[in-house]
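Here are a few exercises to work through with the model open beside you. Try each task before you read its solution.

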Amino acid sequence: MIKNPFQPIPAKIIDIIEETPNIRTFVLDLLGADFSFDAGQFVSLTVPGVGEAPFTPSSAPYVKDTIEMTIMKVGKVTSKLFELPIGAFVGIRGPFGKRYPIEKFEGKEVLILGGGVGLAPLRSLFLALCANLEKYKKIFIKYGARTPKDIVYKKQLSEWKNLKGVEVQLTVDNADKGWRGKVGVVTILLDDPKLNNTSEMIAVVCGPPIMMKFGTIKLLEKGFQGQNIYLSMEKNMSCGIGQCGHCRCGQYFVCKDGPVLTWEQIKDIEDPF
Amino acid sequence: MALYFLSRYHLTGWLRKLKEKYQVILPQYYEAKLYYEKLNGENVLSEENFYHALRKIRPANPLKEFFFTPKLKVGGLVENKAVLVPFDDTPRIIIGVKNCDLHGLRVHEKMYLAAEYQDPFHKHERSRTIIISADCPEPEETCFCNLLDLKPYPEIISDIIITPITGGYLFESISRVGEDLIINTDHNFRAATQENIAERAAIRSYALEKLQKINQKSLSVELSEHIKHKTEHEFWQTHALSCVECFGCLLICPTCFCFLLYDVPINDKGFERYKIWDACYYNAYARVGGGANPRAEFGQRFRNRFHCKFMNFYWEHKFYACSGCGRCFAVCMGKIDIRKILVEV
Ligand SMILES: Cc1cc2nc3c(=O)[nH]c(=O)nc-3n(C[C@H](O)[C@H](O)[C@H](O)COP(=O)(O)OP(=O)(O)OC[C@H]3O[C@@H](n4cnc5c(N)ncnc54)[C@H](O)[C@@H]3O)c2cc1C
Ligand code: SF4
Ligand code: SF4
Ligand code: FES
């Protein structure tokens with residue numbers, strides 16, 4: 001009997017972390033299920049009776065038994081999820097899609113460019129890289145949020161700053177009184193003299209479509225190579241396994257061939273984002 | 001494997017024998033139109049009807065509905081236990097499948113069975129089905145399989161191919177299962193004669209010629225490139241003008257494979273999950289969380305169908321996700337003929 005890829009397994013919400021007014025991290029207990037993922041892969045989360053939506057785990061891939069997902073409230077499924085208390089059950093399917101080829105990042109400088117809730121999948125990647133931090137020449141985390149209130153993982157970001165070989169820079173579109181950091185869209189952080197070996201660097205990008213677009217344009221201007229720019233593609237998804245057609249992006253099914261594609265792969269596609 | 005002849009006189013006897021062991025599905029007439037239907041006690045089994053049905057082109061309904069019903073339960077969680085979906089194990093035979101519908105099955109094979117994940121429901125439906133396909137002696141105005149390099153007679157997937165000829169039927173067994181079905185169910189089959197075989201060859205060349213007359217303008221060998229480079233929004237918008245957005249064309253298409261996983265709540269205890277037919281013309285099809293929509297305008301969605309069938313699918317599998325069956329414009333209230341667009345593009 002072949003496995004039923006449409007069937008979710010139950011998972012229990014064991015903690016909810018309020019990241020921002022509309023972003024929360026949900027910690028799920030997998031109830032002993034045989035489940036593991038690699039950074040870059042995503043899962044389909046079911047809110048019982050409402051439906052499914054795709055999310056990338058934000059926790060470290062090597063942590064078994066639980067996974068975390070950092071989720072922004074935007075619509076039907078996510079709004080209902082935000083009403084669920086600790087102890088409630090959800091369903092998960094997956095993991096789906098391809099992992100980041102982190103072995104290709106070894107010995108290189110890695111730029112992690114995130115916008116808004118887009119830092120979630122990048123946190124999982126960063127934690128995976130952290131397991132062997134010495135293997136990477138340097139890691140730049142550059143993150144933008146709309147306002148200081150919208151910054152996720154505040155505590156961790158300030159801890160990561162202190163790690164050797166890691167540099168963290170933040171910006172907000174609109175500052176408030178207490179903000180002393182940079183103001184402007186996240187791409188301004190790319191005007192950084194320390195990014196001086198761009199043709200050899202890896203860039204990993206996740207954020208809203210508009211940021212993916214202008215982020216890519218700027219990275220290319222700065223000399224990054226198309227095959228070294230890894231982009232998390234957000235498409236409508238249903239099956240997660242390359243059968244239902246929803247996530248079509250040019251010749252790719254983003255669920256199966258992605259969700260991370262390089263600029264080299266998608267550069268000929270009209271309006272890829 | 002081998003060629004046999006069965007006289008018109010013996011046909012119904014053979015069908016009756018099949019019905020003892022199998023669920024039989026075959027094209028049946030309803031007011032001059034043909035539908036694939038299960039043979040039950042009520043629909044009449046007349047040889048006359050069968051003969052005419054077999055000589056017609058493909059039925060109105062697409063074959064895919066026997067492998068993937070419009071709303072199929074595929075699982076769920078109730079009180080945190082997986083909802084088990086029982087499989088129907090009744091062996092069945094579908095008779096009278098035309099090449100265009102076989103091609104539709106082939107597209108679905110690529111989508112649902114050929115990759116890393118297989119759809120266990122589709123796989124099961126395939127495994128319990130014997131396919132007896134048939135020639136198209138008289139292609140009609142809506143047929144254009146020839147433009148897509150397909151023939152008006154079965155080329156793939158079948159267990160047996162039937163061709164109505166003078167005084168009876170020519171049977172060609174293609175698979176072991178098909179061969180067994182012929183030699184074990186009836187003593188009235190006899191070896192086909194050279195004349196029988198020559199008659200089939202003549203029927204086929206006539207059908208090919210007729211198709212060529214129906215479809216005089218051939219498609220470019222670089223169709224996928226033409227589609228790719230047809231970026232003018234105007235072109236697609238203009239062709240989409242008379243569309244009334246009923247999306248019948250996509251639902252009735254034997255190759256269209258899109259679906260949506262849709263959950264139905266079961267009290268407060270959980271949910272059942274259904275796989276339902278979906279179509280890329282729906283506004284919400286590609287919309288992402290929060291409302292952004294990469295194909296917000298209908299013209300973009302209209303064009304997407306051509307990208308899917310004649311470009312993206314073709315690049316990956318080297319054949320088109322369209323079989324030339326003509327159902328989409330046979331149902332179209334706006335009279336949009338896909339051939340016209342393919343020729344103009
Ligand atoms: C690979 C991947 C990873 C992601 N990771 C994250 C993450 O880590 N964190 C995060 O916050 N977000 C993530 N997202 C985005 C997340 O999936 C969306 O925000 C989520 O799907 C929103 O679901 P919703 O039901 O709340 O939103 P809605 O806006 O209500 O709807 C979501 C989807 O359902 C469809 N839909 C809604 N109503 C209908 C209808 N009536 N008929 C048909 N279709 C309908 C919409 O077209 C839309 O695609 C990721 C997306 C992808 C593709
Ligand atoms: S697109 Fe039209 S002609 Fe082509 S397979 Fe579908 S229904 Fe038939
Ligand atoms: S399109 Fe071709 S295969 Fe299909 S019914 Fe017409 S002639 Fe037969
Ligand atoms: S989500 Fe179904 S094909 Fe990608």
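**Exercise 1. Sort the residues of the shell around ligand 1 into nonpolar, polar and charged.**

Solution. Start with the classes: Ala, Val, Leu, Ile, Met, Phe, Trp, Tyr, Cys and Pro count as nonpolar, Asp, Glu, Lys and Arg as charged, and the others, Gly among them, as polar. The shell of this predicted model then splits into 14 nonpolar, seven polar and four charged residues.

Before you go on, some conventions: residues are numbered from 1 along each chain as its sequence is written, while chains are lettered from A and ligands numbered from 1 in the order in which they are written. Local features need pLDDT of at least 70, side-chain atom pairs count only at pLDDT 80 or more, totals for chains, interfaces and linings use all residues, and side-chain values use heavy atoms, with hydrogens and water left out.

**Exercise 2. Find which chains surround ligand 1.**

Solution. Step one: collect the residues with a heavy atom within 4 Å of the ligand. This gives 25 residues, the closest being Pro54(A), Lys76(A), Thr78(A), Asn236(A) and Arg287(B). Step two: read the chain letters. Chains A and B both contribute residues around ligand 1, so the site is shared between chains. Step three: look up the elements, which are DSSP runs numbered from the N terminus (helices H or I, at least four residues; strands E, at least two). In chain A, β4 (51-55), β5 (66-72) and α1 (76-83) each supply at least two shell residues.

**Exercise 3. List polar backbone atoms close to N or O atoms of ligand 1, and state how much of the ligand the protein covers.**

Solution. Look for pairs of N or O atoms within 3.5 Å. A ligand oxygen lies 2.3 Å from a polar backbone atom of Arg287(B), and an oxygen is 3.0 Å from one of Ala284(B). On chain A, a ligand nitrogen is 3.2 Å from a polar backbone atom of Thr56(A).

**Exercise 4. Check the span of helix α2 of chain A, and decide how much of α2(A) is buried.**

Solution. Take 1.5 Å times one less than the number of residues. For the 12 residues 119-130 that predicts 16 Å, and the end C-alpha atoms are 16 Å apart, which agrees. Next, apply the burial cut-off (under 20% relative accessible area): 11 of the 12 residues are buried, including Arg123(A) and Phe126(A).

Notes
A polar contact is a pair of N or O atoms within 3.5 Å; within protein, one must be able to donate a hydrogen and the other to accept it, and residues adjacent in sequence count only if both atoms are side-chain atoms. Accessible areas come from the Shrake-Rupley method with a 1.4 Å probe; for residues, only the protein chains shown count as cover. Buried means under 20% relative accessible area, exposed over 50%, partly exposed in between (1.4 Å probe, protein chains only).
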